[in-house]
Amino acid sequence: MSDPGLIPDPVVPVDPGVLTDPAALADLYPGLPGAPPAGPTGAPSLGNSLTLDDGDLVTDPGTGGLAGNQGPEALLQALLLAVETQLGTDRLNTTFGFDHLALGRYALEAPARKEYIRMELVRCLSADRRVADVREVFFQDDQRYRDLRPDLAPATYERIVRTARVNREYTVYAIIETIAGSTLALTSGGRLD
């Protein structure tokens, strides 16, 4: 009597090309544990995650269990977590995170610090396999922000720029293209000292 959980007839001649094609493996061995379903799978997944609120797990009021998110929301949450984690503090992945401490390490002017933030954001965000490209990184007091906000009154924009420079605070935007072909905008901020 054969066990239905076993792979049927394990001595089936297999074309070597099938071994690298998960869909072909699923067709050859239906029900194989870990094999993706046969047929087109569409765009790559951006993942699933537990929902976090300021680092704390969130409960789903409908079920009473832990709330989850998926797709772009899961990716944005993971990217924000990476940006908010100090580089080198994760003992299992020491290259995970953003190097916040380097901002205060050197006596550089604000433009040099902003350029460092740009470079560090590109490094930090592109480390995630779900990010295909970091298209651009710009600050709220950059001309690029003004170009994208034509509805913003000139006096309001000047106030934003003046406040950011006087308080040495920044809001930075990163435009990201995902492996699924979608575009996401990540917003983060902090101080330049």
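Which side chains meet in a salt bridge at 3.4 Å, N to O? They are those of Asp-151 and Arg-149. A salt bridge here is a side-chain nitrogen of Lys or Arg within 4 Å of a carboxyl oxygen of Asp or Glu.

This is a predicted model, in which local features need pLDDT of at least 70 and side-chain atom pairs count only at pLDDT 80 or more, while totals for chains, interfaces and linings use all residues. Residues are numbered from 1 along each chain as its sequence is written, and side-chain values use heavy atoms, with hydrogens and water left out.

**The chain as a whole**

The protein chain has six helices and seven strands. Helices (H or I, at least four residues) and strands (E, at least two) are DSSP runs, numbered from the N terminus. Along the sequence their pattern is α-β-β-β-β-α-α-α-β-α-α-β-β. Of the 193 residues in the protein chain, 30% are buried. Buried means under 20% relative accessible area, exposed means over 50%, and partly exposed lies in between (1.4 Å probe, protein chains only). The protein chain exposes about 12400 Å², and carbon and sulfur atoms supply 57% of that area; accessible areas come from the Shrake-Rupley method with a 1.4 Å probe, and for residues only the protein chains shown count as cover. For contacts (heavy atoms within 4.5 Å), 42% of those between residues at least 6 apart in sequence join residues at least 24 apart.

**The sheet**

An open sheet is formed by three strands in the order S5-S6-S7, with antiparallel pairing. Two strands pair if DSSP finds at least two bridges between them. Strand S5 (131–139) and strand S7 (183–191) are the edge strands, each pairing on one side only. From one strand to the next, the twist averages 25°. S5 and strand S6 (residues 169–178) are joined in the antiparallel sense by seven bridges. Asp-133 has Glu-177 in S6 as its bridge partner.

Helix H2 (residues 72–84) packs on the sheet and touches S5, S6 and S7, its direction making about 25° with that of S7. Helix H4 (residues 110–126) also packs on the sheet, touching S5 and S6, and its direction makes about 160° with that of S5. Axes are lines fitted to C-alpha atoms, for helices over the stretch in contact, and angles run from 0 to 180 degrees between N-to-C directions.

**Aromatic pairs**

The structure holds three aromatic pairs. Rings of Phe, Tyr and Trp (its six-membered ring) pair if their centres lie within 6.5 Å; planes under 30 degrees apart count as stacked, over 60 as edge-to-face and the rest as tilted. One of the pairs is Phe-138 with Tyr-173, stacked at 5.5 Å centre to centre with 25° between the planes. Phe-138 lies in strand S5 and Tyr-173 in strand S6, so this pair ties together parts 35 residues apart in sequence. Both residues, Phe-138 and Tyr-173, are buried.

**Salt bridges**

The count comes to 11 salt bridges. The table gives some of them.

| Asp-128 | Arg-130 | 2.9 Å |

Asp-128 is buried at 18% relative accessible area, and Arg-130 is buried at 19%. Asp-133 is partly exposed at 31%. Asp-151 is exposed at 61%, whereas Arg-149 is partly exposed at 29%. Salt bridges that share partners also join Lys-114, Glu-115, Arg-118, Asp-141, Asp-142 and Arg-165 into one network.
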